[in-house]
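Colleague: I'd like to learn how to read a model like this one, feature by feature. Could you walk me through it?

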Amino acid sequence: MSQSPIDLYYWPTPNGWKVSIALEEMGLPYSTHLINIGNGDQFAPEFLKIAPHNRMPAIVDPDGPDGTALSVFESGAILSYLARKTGSFMGKTARDRVAVEEWLMWQMGGLGPMAGQTHHFLKYAPEDIAYAKDRYRKETARLYGVLDRRLADNEYVAGDFYSIADMAIWGWASLWEGQEQTLEDKPHMARWLKQCWARPALRRGRALFADLRGDRSDTWVQNDLFGPNDA
């Protein structure tokens, strides 16, 4: 049976990229519904029915597990759902799955929020708060140090296989410049960024409505330092 298109509620941000990349990597058909977070689309009552937290991305799968439509919100939950649905990008063993879940949760609870706060206080906060800038910049640097050490002994974050954990982490990590970070002391993270960027499906997911991004602080992607640039 063919898969009906999944409805993707999306805006081109690191959180949105997680799901657009996953859908491309898994070869699932989808229809994109733009949720312009700058205009407040995420607060529309009809979107609240899908995403009660008023956050994109979200999906509606018309071919849910019981044969009826299923909506899923929160990017980590969406990635896990799609991996289970397709039986892909979770590794082959129980140990693999634990590692994927660990690093997916690391992104959801650590890197995403901290890098997001770094972006906010460096670029968008109405007041220049030096303490906040320094706090979140340092914590983001610490997290990238964790990532670099992990990748010193592993090809990808969960082991020797590419997974939904890589998809979750890559978007935020690719914005290291805008977070006022450096890769000079993180060679393993730099290698991993390049290796992921070489995947055509990742580039397609990253390119989805990329023209709508107002502040693009990812010049290494724009300048194609690491490979063919479809963004």
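**Reading the backbone, the salt bridges and the pocket**

Modeller: Let's begin in a loop: glutamate 74 sits between β4 (70-73) and α3 (75-86). Keep in mind that this is a predicted model.

Colleague: Which loop holds asparagine 54, and what is its phi?

Modeller: Asparagine 54 belongs to the loop between α2 and β3. Its phi is near 60°, again a positive value in a residue other than glycine.

Colleague: And how do I read the peptide bond between methionine 56 and proline 57?

Modeller: As a rule, most peptide bonds are trans. The bond that joins methionine 56 to proline 57 is cis, with omega at about 5°. Proline 57 is in the loop between α2 (45-48) and β3 (58-61).

Colleague: Is proline 57 buried or exposed?

Modeller: Proline 57 is buried, because its relative accessibility is 2% and the cut-off for buried is under 20%. Beyond its neighbours within four places in sequence, proline 57 contacts a set of residues including Leu8, Tyr9, Phe73 and Ile78. Glutamate 74, which we began with, is also one of those contacts.

Colleague: On to charges. How many salt bridges does a search of the whole structure find?

Modeller: Side chains of opposite charge can pair when their charged atoms come close. In this model the search finds eight salt bridges. One of them joins glutamate 24 and arginine 204, with the closest N and O atoms 2.9 Å apart. Glutamate 24 is in helix α1 and arginine 204 in helix α8 (residues 200-207), so this pair ties together parts 180 residues apart in sequence. Arginine 204 is partly exposed, at a relative accessible area of 42%.

Colleague: Which side chain meets glutamate 180 in a salt bridge?

Modeller: That is arginine 137, at 2.6 Å from N to O. This pair also links distant parts of the chain, 43 residues apart: glutamate 180 is in the loop between α6 and α7 (187-197), and arginine 137 is in helix α5 (residues 130-152). Glutamate 180 is partly exposed at 46% relative accessibility, and arginine 137 is partly exposed at 23%.

Colleague: How far apart in helix α5 are arginine 142 and glutamate 139?

Modeller: They are three residues apart, which means about one helical turn separates them. Arginine 142 and glutamate 139 form a salt bridge, with the closest N and O atoms 2.8 Å apart.

Colleague: What about aspartate 166: which side chain of opposite charge is nearest?

Modeller: Arginine 191 is the nearest, but it is 7.6 Å away. A salt bridge needs the atoms within 4 Å, and aspartate 166 is buried with no salt bridge.

Colleague: Last one: what is the volume of the largest pocket?

Modeller: The volume is about 940 Å³. Of the 32 lining residues, Thr13, Asn15, Ile37, Arg55 and Trp172 are closest to the centre. Helix α4 gives the largest share of the lining, nine residues. By class, the lining has 13 nonpolar, 14 polar and five charged residues.

How values were computed: Residues are numbered from 1 along each chain as its sequence is written. This is a predicted model: local features need pLDDT of at least 70, side-chain atom pairs count only at pLDDT 80 or more; totals for chains, interfaces and linings use all residues. Side-chain values use heavy atoms; hydrogens and water are left out. On a 1 Å grid over the protein atoms alone, a cavity is a set of points where a 1.4 Å probe fits but cannot get out, and a pocket is an open set with protein on both sides within 12 Å along at least five of seven lines; lining residues have an atom within 4 Å of a point. Grid points are joined across faces, edges and corners, and a volume is the space filled by probe spheres set on the points. Helices (H or I, at least four residues) and strands (E, at least two) are DSSP runs, numbered from the N terminus. Ala, Val, Leu, Ile, Met, Phe, Trp, Tyr, Cys and Pro count as nonpolar, Asp, Glu, Lys and Arg as charged, and the others, Gly among them, as polar. Buried means under 20% relative accessible area, exposed over 50%, partly exposed in between (1.4 Å probe, protein chains only). Lys and Arg count as positive and Asp and Glu as negative; His and the chain ends are not counted. Contact means heavy atoms within 4.5 Å.
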